[in-house]
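Here is a short report on how the parts of this chain pack together. The model is a predicted one.

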Amino acid sequence: MKRFDSLYIHVPFCARKCGYCAFYSVPDATGESRQLYLQQLTAQLRAARDRLQTVETIFIGGGTPSALTASELTTLLDAIRTAVRPEVIWEWSVEANPESMTLEKAKILAVHGVNRVSLGVQSFDPHLRAVLGRGGDCHHLEPAMDAVLTVGIRNLGVDLIYGIPGQDLEAWQRDLRRALAWPITHLSTYALTLEEGTAMASADHLPADDDLQVAMWDAVEAATGPTAFRRYEVSNLAKPGFGCRHNLLAWHGGTYLGLGPAAASFDGETRWAQPADLTAWLAG
């Protein structure tokens, strides 16, 4: 029986589909769908329990994991803790959107052992957030960060996007300065890619040209140069010791089990993926 180094959970639910998002997600799902998802996921975790006893990292992505209600989030985390050995977990990450991260949810994360949170900010500029189709406004950002820090989670990351239509170099530099002014340990800077089938691609939006994107890449190096942040992946920078261990395990050949619609797995020899369809996934 092959055991896994890491566990990935895909939470497919979100409040709305962002214009650039090509990940599988189900906006505005019914409460019944969410309950069925949690029941199926709990059953899969129970079935895989023997193979999860060596798991060192857990990553809950989406979708928007923080879009779950406090009760649903508790159910999810309880099911995971029952299936793994919490005492051997080095890193437990959860992705969150600032508009749905509350102090109550942050407390639930901390109590269950989550020690790393990645906030999907994408941009601090209200106009650029609207271009991306991001929900909420900038007033949600600092309360979300304060909630995470208040409960004692110090490994905190921010995700930003550059190359957004209408974004110039100065606007990108402002986003970088604002992110780095926060007490974060991790910074992700993604070049916008308009993938086929997304709303932004269908609307014929044009990302920044190559020269501007190169300048924006250089701006990241300029902004982080005087800091402790160092690039350790193409799009990711971190302070020493705060690179995403879950990602690094995968890049270096570690094994991982992915549960939830569209989640991928690797056992050291074989790769497979769950169906990117909630109905099909629920049907087994």
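## Helices H1 and H2

Helix H1 spans residues 31-47 and helix H2 spans residues 70-83. Their axes lie 9 Å apart and meet at an angle of about 5°. Angles under 35 degrees count as roughly parallel. H1 and H2 are therefore roughly parallel to each other.

From H1, the contact uses Arg 34, Gln 35, Leu 38, Leu 41, Thr 42 and Leu 45. From H2, it uses Glu 72, Thr 75, Leu 76, Ala 79, Ile 80 and Ala 83. Sorted by class, the contact of H1 with H2 has seven nonpolar, three polar and two charged residues.

## Helices H2 and H3

H2 also packs with H3: their axes come within 10 Å and cross at roughly 10°. H2 and H3 are therefore roughly parallel to each other.

H2 brings Ala 70, Leu 73, Thr 74, Leu 77, Asp 78 and Arg 81 to this contact. H3 brings Glu 104, Lys 105, Ile 108, Leu 109 and His 112. By class, the contact of H2 with H3 has five nonpolar, two polar and four charged residues.

## The nonpolar cores

In soluble globular proteins, nonpolar side chains tend to be buried together. Here, the largest nonpolar core has 65 residues. Leu 7, Ile 9, Leu 45, Leu 52 and Ile 60 have the most contacts inside it. H2 supplies the largest share of this core, seven residues.

What does Ile 9 touch, leaving aside neighbours within four places in sequence? Its contacts are Tyr 37, Leu 41, Leu 45, Phe 59, Ile 60, Gly 61, Leu 76, Ile 80 and Leu 259. Leu 41 and Leu 45 belong to the H1 side of the H1 and H2 contact, and Leu 76 and Ile 80 to the H2 side.

## Helix H5 and its surroundings

Helix H5 runs over residues 141-150. Its buried residues are Leu 141, Ala 144, Met 145, Ala 147, Val 148 and Leu 149. They pack against two helices, H3 (103-112) and H4 (126-132). They also pack against two strands, S6 (116-122) and S7 (155-162). Just after H5, Gly 152 takes a positive phi of about 95°.

## Tyr 8 in strand S1

Tyr 8 sits in strand S1, residues 6-11. A polar contact of 3.0 Å links its side chain to that of His 10.

Set aside residues up to four places away in sequence, and Tyr 8 touches Phe 59, Gly 61, Gly 62, His 246, Leu 257, Gly 258, Leu 259 and Ala 263. Phe 59, Gly 61 and Leu 259 are also among the contacts of Ile 9. Val 234 is 226 residues from Tyr 8 along the chain, and their C-alpha atoms are separated by 21 Å.

Is Asn 236 buried or exposed? Buried means under 20% relative accessible area. At 5% relative accessibility, Asn 236 therefore counts as buried. Asn 236 lies in strand S10, residues 236-238.

The Asn 236 side chain makes a polar contact with the side chain of Ser 188 at 2.6 Å. It makes another with the side chain of Glu 233 at 2.5 Å. Leaving aside neighbours within four places in sequence, Asn 236 is in contact with His 186, Leu 187, Ser 188, Tyr 190, Arg 230, Arg 231 and Asn 247.

Technical notes. Residues are numbered from 1 along each chain as its sequence is written. This is a predicted model: local features need pLDDT of at least 70, side-chain atom pairs count only at pLDDT 80 or more; totals for chains, interfaces and linings use all residues. Side-chain values use heavy atoms; hydrogens and water are left out. Buried means under 20% relative accessible area, exposed over 50%, partly exposed in between (1.4 Å probe, protein chains only). Helices (H or I, at least four residues) and strands (E, at least two) are DSSP runs, numbered from the N terminus. Contact means heavy atoms within 4.5 Å. Axes are lines fitted to C-alpha atoms, for helices over the stretch in contact, and angles run from 0 to 180 degrees between N-to-C directions. Angles under 35 degrees count as roughly parallel, over 145 as roughly antiparallel, 65 to 115 as roughly perpendicular and the rest as oblique. Ala, Val, Leu, Ile, Met, Phe, Trp, Tyr, Cys and Pro count as nonpolar, Asp, Glu, Lys and Arg as charged, and the others, Gly among them, as polar. A polar contact is a pair of N or O atoms within 3.5 Å; within protein, one must be able to donate a hydrogen and the other to accept it, and residues adjacent in sequence count only if both atoms are side-chain atoms. A nonpolar core is a set of buried Ala, Val, Leu, Ile, Met, Phe, Trp, Tyr and Cys residues joined through side-chain atoms within 4.5 Å.
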